[in-house]
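User: I'd like to learn how to read a few features of a structure. Could you walk me through them?

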Amino acid sequence: MGYRVGVVGAAGFAGVELVRRIIEHPSFELSVITSDADAGILLADMYPAFAGISDLRFSKHSTPELKECDLAFLAVPHTAALAQAPALLAAGVTVVDLSADYRLKDPAVYEQWYGTVHTSPELLETCAFGLPEITRDELDRVAADHARGEAVLVACAGCYPTATSLAAFPAVNAGMVAGTVNVQAISGVTGAGKKPGPRTHFCNANENAEAYGVGKHRHTPEIEQILGLPGRVLFIPHLVPMNRGLLSTVTMQLTDEAADGFDLEETHALYRDFYASSPFVTVLPLGQMPKTASVAGSNRAQVGLAYHPATRTLVAVGAIDNLGKGAADQAVQCANIVFGLPEDQGLASMALPI
């Protein structure tokens, strides 16, 4: 028997991706799946891919069975995690939150960008930010707390911040970047969640590409927090007509010191060294750029680099599956670390080649 796991919001796209991963995970036992709108319905009736694999039914979010779990994943919209995480932690359940509620360290920044009061700011002081390739120290800290018997909280990075930060962080961390960091990113329709809306209706999304949230998207302060560049990120997301996948193109003008005598091969080596111990990030050879199809259905990320000498600009491109490394798979990766399991346990499958 493995650790008992519950997934809150299991009927959504990220939630059901979590369900798929946990069912196949050797150390996690999927015990509870919740959806207020679908309580009583068989998982296999909603998602026939699970026919013959699972006989679980959706429960209400308020089911007391959640508090009997060792681990709960919250695959819910922002504010919903605020309503559930404190009680689960108090009951001794470790929480891995996929929403935005605990990502931003400053509650005032959260309230500014999300337009709601943060009701448990004390948890921001102890939770870990879940982007293992960059914030492993935070995850190791709460893993040590968990090993002592404490219930802990992990706030997983969002999909756009994950792809963007994996592409930009090594250069930013090395002090190479000056001025504004420009981010042009595209995402598939599943990134907007399961609830349909005018932008995601088939007739509007099909054969269409659209920029949205220009200059005001809520992932902006999260990217700035990860990169340590407050007020220096211009983030422009785009919706494109594909089911899953996310590609972030980050253009970074270099400091005079970094640009003088710049050697792209040296920077490429810097990136390779930075991710050398990361099992899920591949820095592609120079001359190659990432494709969303190359990471689909996986926890893998690919990063490609180029340099534009006339403008002294480094271009870094990151590709992930928005439901995988951008949501469910990353959450499982974080849970593995917290529970002292191999980081890649249950996540070793490669991307779909076709």
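Analyst: Happy to. Let's start with the end of a helix: α5 is followed by Gly149, whose phi is positive, near 100°. Helices here are DSSP runs of H or I with at least four residues, strands are runs of E with at least two, and both are numbered from the N terminus. This is a predicted model, in which local features need pLDDT of at least 70, side-chain atom pairs count only at pLDDT 80 or more, and totals for chains, interfaces and linings use all residues. Residues are numbered from 1 along each chain as its sequence is written, and side-chain values use heavy atoms, leaving out hydrogens and water.

User: Where is the kink in α5 centred?

Analyst: The bend at a residue is the angle between axes fitted to the seven residues ending there and the seven starting there. In α5 there is a kink of about 40°, centred on Glu138. The expected span of a helix is 1.5 Å times one less than its number of residues. A straight helix of 16 residues would span 22 Å, but α5 spans only 18 Å between its end C-alpha atoms.

User: Is Glu138 buried or exposed?

Analyst: Buried means under 20% relative accessible area, exposed over 50%, and partly exposed in between (1.4 Å probe, protein chains only). Glu138 is among the buried residues of α5, which also include Leu139 and Val142.

User: What do the buried residues of α8 pack against?

Analyst: Contact means heavy atoms within 4.5 Å. The buried residues of α8 pack against α4 (107–114), β6 (128–130), α5 (132–147), α6 (159–173) and β10 (233–239). Because 7 of the 8 residues of α8 (residues 220–227) are buried, this helix is largely enclosed by the rest of the structure. Like α5, α8 is followed by a glycine with positive phi: Gly228, near 70°.

User: What is the strand order in the open sheet of 7 strands?

Analyst: Strands of a sheet pair through backbone hydrogen bonds, either parallel or antiparallel. Two strands count as paired if DSSP finds at least two bridges between them. Here the order is β9-β10-β8-β11-β14-β13-β12, with mixed pairing. The edge strands, β9 (210–211) and β12 (281–283), each pair on one side only. β9 and β10 pair in the antiparallel sense over 2 bridges, and the bridge partner of Ala211 in β10 is His238.

User: How many disulfides does the structure hold?

Analyst: A disulfide is a covalent bond between the sulfur atoms of two cysteines; the cut-off is a pair of sulfur atoms within 2.5 Å. This structure holds 0 disulfides. The sulfur of Cys69 is 17 Å from the closest cysteine sulfur, in Cys156, so the two are too far apart for a bond.
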